Amino acid sequence: MSATTPDWMTTGAAHVWRPYCQMQTARPPQPVVATHGSRLVLADGRELVDGLASWWTACHGYNHPHIAAALHDQIERMPHVMFGGLAHEPAYSLARRLADLLPGDLNHAFFAESGSVAVEIAMKMALQFHINRGVTGRTRFLSFRGGYHGDTLATMTVCDPEEGMHSLFTGVMPAQVIADLPRDAAGEAALDALLAQQGSEIAAILVEPLVQGAGGMLLHGPDTLRALRRLADAHGVLLIFDEIFTGFGRTGSLFAMQAAGIEPDIVTLSKALTGGSLPLSAAVASRRVFGAFLSEDPEAALMHGPTYMANPLACAAANASLDLFEDGTWRSDVARISAALATGLEPCRSAPGVVDVRVLGAIGVVEFASPVPVGDLCARFVDEGVWIRPMGKVIYLTPAFSIPDPDLALLTRAVRRIAGVETAAVD
């Protein structure tokens, strides 16, 4: 703590358990007192350009007036009611709009509060889909190395088993089937052979389409998704796309699956769903999956219901966020950001220790050969006037789509400086 640390932080620090850090040795967090546009305002008056859009959520920028107005209107009328036995317009309108936007017949939305929970709901749907159809033994999931699907107990089992955050819990929950993504014909053949051997045990294949986000911002092509669709159909398993990171424009299309021209049986959504204003998630199922739950037998129903599911305030924010996507300007913004990231980060390829530079849509990544010191680099980025939090071996940028060009240039310049690259010729 310093002389400029606000009292609320000094008095509260001993009672807050922070995420993803060893509390005894971690640097103190940056105290934020306000936000606007693509910027965070610190307690000492400094402003940082946010290169991460608060873990990829604030896609329209902070404090967007349209979302703020929708929240103000909704909170005056009805901030929350339980969704069991009651209905309200924000949730029903949101479900209809998501069905209209998603490809194929992904048109039955089950709402929750977080991405991890949405993934667990999708997993539960997949398991019960088979049970309701009289199929037994399909109790496992196939997911992929490099993947990340959440930090709750069940979602940890479908993440990369070597992922450092979850290795302590090996053996606590039943093991799933973890494979390599099929990136070519040989990979598809290998996965086909695995499914021929173990497919009768598998309820669903789970994958992040195009980008494995928190696992290292690892990219794969649309052909991989098409291969997974073929294999799922051939072996009678469901296909789940985790679009919690990639959904809502981040990769250049509204949903990453659209690049492959195929649809999963279930898709999970969260993060940018509300434009970064409130927690909300959804597991959206196809007509076929939903149909397996329609029965006169009460035990065939999906017995799940988070307390704050379909929270009216969050649904109002999501509807306002969808309004902003409807005008289509986000497409040119993502293209603008993509070009700037490609130009601004490419010089890092020659930096010591850098093994790759890659860009997809509004995602820019500089990968190093070894894990980077997160706390030290965060502090150095703050000195550069930006908020960038590396993870694992990568420094990455996922800014708001509305970020102005000067702020975007500040972000890429900071990454080049931290990487030790001469910037004068590029600025």
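Modeller: I'll begin with a single side chain: Tyr148 and Asp151 are joined through theirs by a polar contact of 2.8 Å. Keep in mind that this is a predicted model.

Biologist: Where does Tyr148 sit in the fold?

Modeller: Tyr148 lies in the loop that runs between strand S5 (140-144) and helix H6 (153-156).

Biologist: Is Tyr148 buried or exposed?

Modeller: Buried, because its relative accessible area is 16% and the cut-off for buried is under 20%.

Biologist: Which residues does UniProt list as "binding site"?

Modeller: The unreviewed UniProt entry gives that feature to Trp55, Tyr148, Lys271, Gly305 and Arg389. They cover 335 residues of sequence and are also spread in space, with up to 34.0 Å between C-alpha atoms.

Biologist: What is Lys271 in contact with, leaving aside neighbours within four places in sequence?

Modeller: With that exclusion, the contacts of Lys271 are Trp55, Trp56, Thr57, Ile244, Phe245, Gly276 and Leu280.

Biologist: What does Ser277 touch, not counting residues up to four places away in sequence?

Modeller: Ile67, Leu71 and Ala317. The C-alpha atom of Ser277 is also separated by 7.8 Å from that of Ala314, which is 37 residues apart along the chain.

Biologist: Ile67 and Leu71 belong to H3, and Ala317 to H10. At what angle do H3 and H10 pack?

Modeller: Helix H3 (residues 65-77) and helix H10 (residues 312-326) pack at about 150°, and their axes are 9 Å apart. That makes H3 roughly antiparallel to H10, because angles over 145 degrees are classed that way. Their crossing is right-handed.

Biologist: Which residues meet there?

Modeller: From H3, they are His66, Ile67, Ala70, Leu71, Gln74 and Ile75. From H10, they are Pro312, Leu313, Ala316, Ala317, Ala320, Ser321, Asp323 and Leu324.

Biologist: What about Asn311?

Modeller: Asn311 is in the loop between helix H9 (287-291) and H10. At 12% relative accessibility, Asn311 counts as buried.

Biologist: Which polar partner does the side chain of Asn311 have among side chains?

Modeller: His80, through a polar contact of 3.1 Å. A polar atom of the Asn311 side chain also lies 3.1 Å from the backbone oxygen of Pro79. Beyond four places in sequence, the residues in contact with Asn311 are Pro79, His80 and His88.

Biologist: New topic. How do H11 and H13 pack?

Modeller: Helix H11 (residues 329-345) and helix H13 (residues 405-419) are at an angle of about 30°, with 9 Å between their axes. H11 and H13 are therefore roughly parallel, the cut-off for that being under 35 degrees. H11 passes H13 in a right-handed crossing.

Biologist: Which residues make the contact between H11 and H13?

Modeller: On the H11 side, Arg336, Ile337, Ala340, Leu341, Gly344 and Leu345. On the H13 side, Asp405, Leu408, Thr412, Val415 and Arg416.

Biologist: Last one, Thr224. Where is Thr224?

Modeller: In helix H8 (residues 222-235). Thr224 counts as buried, at 3% relative accessibility.

Biologist: Which backbone oxygen does the Thr224 side chain reach?

Modeller: That of Pro182, at 3.0 Å. Not counting residues up to four places away in sequence, Thr224 touches Leu181, Pro182 and Arg183.

Definitions and conventions
Residues are numbered from 1 along each chain as its sequence is written. This is a predicted model: local features need pLDDT of at least 70, side-chain atom pairs count only at pLDDT 80 or more; totals for chains, interfaces and linings use all residues. Side-chain values use heavy atoms; hydrogens and water are left out. UniProt positions are given in the numbering used here, feature names are shortened, and annotations may be inferred rather than shown by experiment. Helices (H or I, at least four residues) and strands (E, at least two) are DSSP runs, numbered from the N terminus. Buried means under 20% relative accessible area, exposed over 50%, partly exposed in between (1.4 Å probe, protein chains only). A polar contact is a pair of N or O atoms within 3.5 Å; within protein, one must be able to donate a hydrogen and the other to accept it, and residues adjacent in sequence count only if both atoms are side-chain atoms. Contact means heavy atoms within 4.5 Å. Axes are lines fitted to C-alpha atoms, for helices over the stretch in contact, and angles run from 0 to 180 degrees between N-to-C directions. Angles under 35 degrees count as roughly parallel, over 145 as roughly antiparallel, 65 to 115 as roughly perpendicular and the rest as oblique. A crossing is left-handed if the near helix is turned anticlockwise from the far one by less than a right angle, and right-handed if clockwise.
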